[in-house]
Each structure stands twice: as structure tokens, then as C-alpha cells.
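Notebook open, model loaded. I'm jotting down what I look up as I go, starting with helix packing.

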Amino acid sequence: MRVFTGGFHHESDTFNPMVTGEREITVRRGDELYRSQREDAMGGIIRTLDANGIDTVTSLHARAVPGGEWDNGIYVTLRDEFLSELEAALPVDGICLALHGSMRVKGIGAAEGDILRRVRAICPDVPVTVALDMHATVTRDMLENADAFIGYKCAPHTDAYDTGCDAARLLLKLLSGTECHMSAMRIPFLIAGEKSETSTEPMRSVMDKVRQTEKEEGILSASMLMGFPWADTADAGVTSLVISSVSKDHAARYAGQNAEYLWSRRSDFKFCTEALHPAEALERTKEYIREGRTPVVLSDSGDNPTAGAAGDVTSLLRMMLEDVFISHLDPPAVFQAIYDPETAAECFELGGGKSIKGTLGGWIDSSPVEFEGTVEVLSDSYGETHTRIALIRTGGIDVVVTEDHVGCYEPEMMEALGINPSSSLVITVKLGYLEPELKKLAASSVLVLTEGATCEELEKLRYEKVKRPIFPLDREFDAVPEELL
């Protein structure tokens with residue numbers, strides 16, 4: 001058998017005016033995609049198909065750090081290349097894709113529906129299965145143009161690879177003749193990942209119920225797709241999705257039960273860690289330092305680039321610089337990071353050990369901070385995008401400055417600049433919930449409720465397109481899950 005595979009992966013924040021362009025996008029193609037298999041959904045798909053003796057056609061996989069909507073021209077070029085690869089691969093017996101589910105494009109809107117509609121036009125009778133991120137925003141366009149979707153079940157997303165394997169195995173079942181009936185129910189609920197980590201209640205119980213559904217006779221798969229709260233779209237919400245080999249009604253019964261259960265627990269969702277406004281967070285940080293509970297890891301959650309924010313908001317950095325206690329620590333507090341391409345480039349022009357004066361941040365969001373300091377360390381090829389990063393010491397704070405829009409969730413960013421994170425007293429990261437490595441590192445942590453394009457207090461954001469009523473923007477209403485398919 002011959003199966004076509006590839007994908008697109010991006011979380012698009014409509015509150016961030018920054019356009020995701022060529023500098024932010026990484027593309028793997030053909031043999032490179034096949035050879036450079038990773039522990040992500042794409043890797044799970046490829047290895048599972050290989051293990052079952054399938055002739056796997058790898059097209060391309062394009063992904064970027066979450067940010068604003070994609071540039072239209074770049075998206076269309078990559079989409080058309082992907083579709084041309086599909087046409088060149090014909091005939092194929094099946095298609096298995098890795099998509100995010102909340103990717104948006106300037107002038108087009110939801111990318112996944114656009115892609116799948118065009119795939120279906122080329123291959124109207126070929127079964128299509130798709131691995132999705134847990135934070136996918138499911139649309140009717142998506143549902144009408146694929147046979148089955150399977151979402152991650154863990155947040156943080158430690159099961160992306162397993163989900164890819166499941167999507168490939170489900171495709172193989174369809175190819176062997178198993179019937180597939182899908183039902184999707186939308187719940188009017190906006191929820192941030194920081195309130196829905198799957199290791200904590202009530203999300204743990206929600207996902208236990210989803211997993212229990214998969215044990216029922218005739219159920220092929222069940223997912224709870226939590227949506228993406230920082231995209232102001234008419235399709236916003238949580239989707240309960242179930243696939244049955246029995247009938248559409250069978251799938252709908254379980255999809256509805258899971259949707260109703262989540263809705264019944266809506267008021268139980270709380271932040272999974274201590275969450276404080278900035279001034280309170282800095283005072284709590286001082287308490288933790290005095291108690292010896294260090295490193296203290298602070299999440300600058302309103303400006304989280306891995307959820308789509310610009311990464312250049314300066315409000316928390318400004319408060320740290322102005323705080324006499326925080327700005328006189330030994331070793332210095334670390335701020336990871338500020339996106340500022342001009343200041344980063346200037347650091348490399350000057351070189352390590354040189355004095356520097358200028359402004360930090362405020363490129364997309366907020367206002368810049370004026371500073372004087374020293375270029376401490378440079379790293380000219382950090383991470384998958386090989387971005388240049390610099391460490392500036394200013395006002396008693398070590399500030400990481402990035403030339404490109406990148407995620408700030410790894411201790412390796414600090415280590416690349418000569419910092420030993422485990423010896424630090426305070427580490428501020430532009431992040432929401434802590435990824436496993438940072439969580440393991442932190443002796444104590446605080447989610448700082450800052451403002452920005454990923455503001456955790458959703459009621460403060462200016463939604464204009466979401467369907468109302470929707471929780472928590474609206475609270476006193478009764479909801480009936482909307483049947484999307």
C-alpha cells in the first residue's frame with residue numbers, strides 16, 4: 001500500500017499583529033523529512049507506516065513558533081507545493097497528516113480547512129486521517145473533508161509522537177475495511193492551557209473519561225480538543241470528538257456525554273500553579289528566596305511566544321529592574337527573553353565584554369525599556385532556527401535578547417549563554433505552564449498574570465468574532481453542545 005503524509009503546524013494568535021513569515025518557518029521536505037524523524041506526530045506517523053510495510057510518501061512538514069497569522073504568500077506557496085506533491089504521488093491508498101488545528105492565514109482564515117478541502121478535491125475517495133494538537137479549533141470545513149481526527153491527550157504535549165502513531169494505525173484500520181463514523185460536539189468554552197494541564201483536576205478526570213470512552217465496544221478513538229483561546233474566531237470553543245465503527249449515532253452518544261461532562265466541570269478549572277499579578281508575584285518571589293526555595297521560576301504569561309505572543313513586552317522586566325531587592329541578587333536574576341532584532345544585532349557588532357546602551361523590546365507590543373549595560377555572552381546559532389541570542393547585564397538583571405521570534409521554554413537557552421540555571425535564584429521565562437525540564441528545575445514557581453497577546457485573564461481581551469454566549473466571557477447561561485458533524 002502507498003500512503004501520502006506531511007503537515008503544517010502553527011498556533012496563530014489573532015491578538016498579535018506580528019505576521020509569521022519566512023524567518024519563523026522551518027520546512028522539512030521529502031527524504032530529509034523521512035530521515036529526520038522526531039518525537040512528534042509526524043515522526044509517529046512515518047515510523048508506524050514503515051513498521052507496517054507501507055510505501056510512505058513524505059511531502060513536506062512546515063512549522064513555526066506560535067505567533068500572529070501566517071503571511072498569505074508564503075502559506076500559499078507551501079500549500080501549493082504540498083498539493084503538487086500529492087498529485088505527483090498518485091495513485092495513493094491513504095493520506096495521513098500531522099496538523100495543528102489552530103493555524104490561521106492572512107486573508108484566508110483557518111488553514112486546516114483550506115488544506116483538507118483541497119486534498120479532498122484531489123482525492124475524493126481516499127481515506128484521510130489527521131493527528132491534531134490538543135488545542136485545535138475544529139471547524140466544519142475540517143470535519144467535512146477528512147475521515148478521522150485524533151488529538152493529543154496530554155498537556156504539556158508529551159504524547160505528540162503517540163498521537164501520530166494512533167492516526168497512522170487508524171488509517172490502516174480504514175484501509176483494511178473498518179467502517180468509520182465521526183461525531184463532533186462543540187462546547188461554548190474558552191480555556192487556557194494553564195488551567196487545563198492534564199495532571200491536575202478537573203482536566204485529569206475529563207481525560208480519564210475520554211480514555212474510558214475508547215475502551216467501549218466499537219469506539220475507535222475519542223478526543224477532547226480544547227481550542228485556542230487567543231484566536232478571536234467564530235469557531236472558537238472546545239470540541240468533543242468520537243469515532244465509531246458502529247454508527248454515527250453511536251459516536252454522537254459518547255461525544256455528547258463527554259461534552260456534557262466537561263461543561264458540568266467548567267467552573268472547576270483553575271490555574272494549575274500559584275497565579276499572581278506582577279507586584280504580588282515579585283513580593284512572593286522575595287519570600288521564596290528568603291526561605292531558600294530557589295530557583296524561583298516566574299512565567300511572564302501574558303507575553304508567551306509559545307502561545308503566539310510577540311515576546312517583546314517589557315512591563316515585567318521594567319518592574320524587576322526597578323525593584324531594589326530583585327535587581328541586586330547574586331547571581332543576578334535571569335530574564336528569558338526579550339525579542340529585539342536590532343539590539344541583538346548590535347550586540348554581535350560590538351562583541352562580548354563591550355558596553356551597550358539603547359532600548360529593549362517594544363517592537364510589536366508595549367513600550368521599549370531604555371538601558372545601559374554590558375554584552376556578557378553571545379551565541380550565534382541557537383535552536384532549530386539557528387537564531388542569534390545575546391546576554392546583556394543591565395541594572396543587575398541578566399537579560400537574554402533574541403534576534404528572531406523563538407520560544408523561551410528551554411533551560412538550554414540560558415546554558416547556551418553560560419548560565420547555570422540550577423544555581424540561579426530567579427528565572428523569568430516568557431511562558432505559561434512550565435515545560436517538564438523547567439518544572440523539574442524550579443524549586444518554586446509563580447504564573448505571573450501579565451498583559452499581552454496571551455493574557456491569561458481572558459475577560460480582559462477584546463473578542464469581537466467569537467459566538468456569544470461563551471464561558472467565561474459569559475457565565476449565567478445554559479449550554480447545549482452544538483453538533484458540528
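**Helix pair**

I looked at α7 (residues 203–213) against α8 (residues 248–264): they pack at about 170°, axes 10 Å apart. That angle makes α7 roughly antiparallel to α8 (the cut-off is over 145 degrees). For the axes I used lines fitted to C-alpha atoms, for helices over the stretch in contact, with angles from 0 to 180 degrees between N-to-C directions. Helices (H or I, at least four residues) and strands (E, at least two) are DSSP runs, numbered from the N terminus.

Bookkeeping: this is a predicted model, where local features need pLDDT of at least 70 and side-chain atom pairs 80 or more, while totals for chains, interfaces and linings use all residues. Numbering starts from 1 along each chain as its sequence is written, and side-chain values use heavy atoms, leaving out hydrogens and water.

Which residues meet? On the α7 side I find S205, V206, K209, V210 and T213, and they face Y254, Q257, N258, Y261 and L262 of α8. Contact here is heavy atoms within 4.5 Å. The residues of this contact split into 5 nonpolar, 4 polar and 1 charged (nonpolar is Ala, Val, Leu, Ile, Met, Phe, Trp, Tyr, Cys and Pro; charged is Asp, Glu, Lys and Arg; the others, Gly among them, are polar).

**Sheet**

Next I traced an open sheet of 9 strands with mixed pairing, in the order β12-β20-β13-β19-β14-β18-β17-β16-β15. Two strands pair if DSSP finds at least two bridges between them. The edges are β12 (275–276) and β15 (355–360), each pairing on one side only. I get 6 bridges from β15 to β16 (residues 369–382), running antiparallel, and L360 sits opposite V369 of β16.

Two helices lie across strands of this kind. Helix α9 (residues 278–290) covers β12, β13, β19 and β20, at about 175° to β20. Helix α11 (residues 341–350) goes across β14, β15, β16, β17 and β18, at about 170° to β15.

**T26**

T26 is in strand β2 (residues 25–29). Buried or exposed? T26 counts as buried because its relative accessibility is 18% (buried is under 20% relative accessible area, exposed over 50%, partly exposed in between; 1.4 Å probe, protein chains only). Beyond four places in sequence, T26 touches H61, A62, R63, E384 and T385.

**Cysteines**

I count 0 disulfides, taking a pair of cysteine sulfur atoms within 2.5 Å as one. For C180, the nearest cysteine sulfur is that of C96, 12 Å away. C180 is partly exposed at 23%.

Technical notes. Angles under 35 degrees count as roughly parallel, over 145 as roughly antiparallel, 65 to 115 as roughly perpendicular and the rest as oblique.
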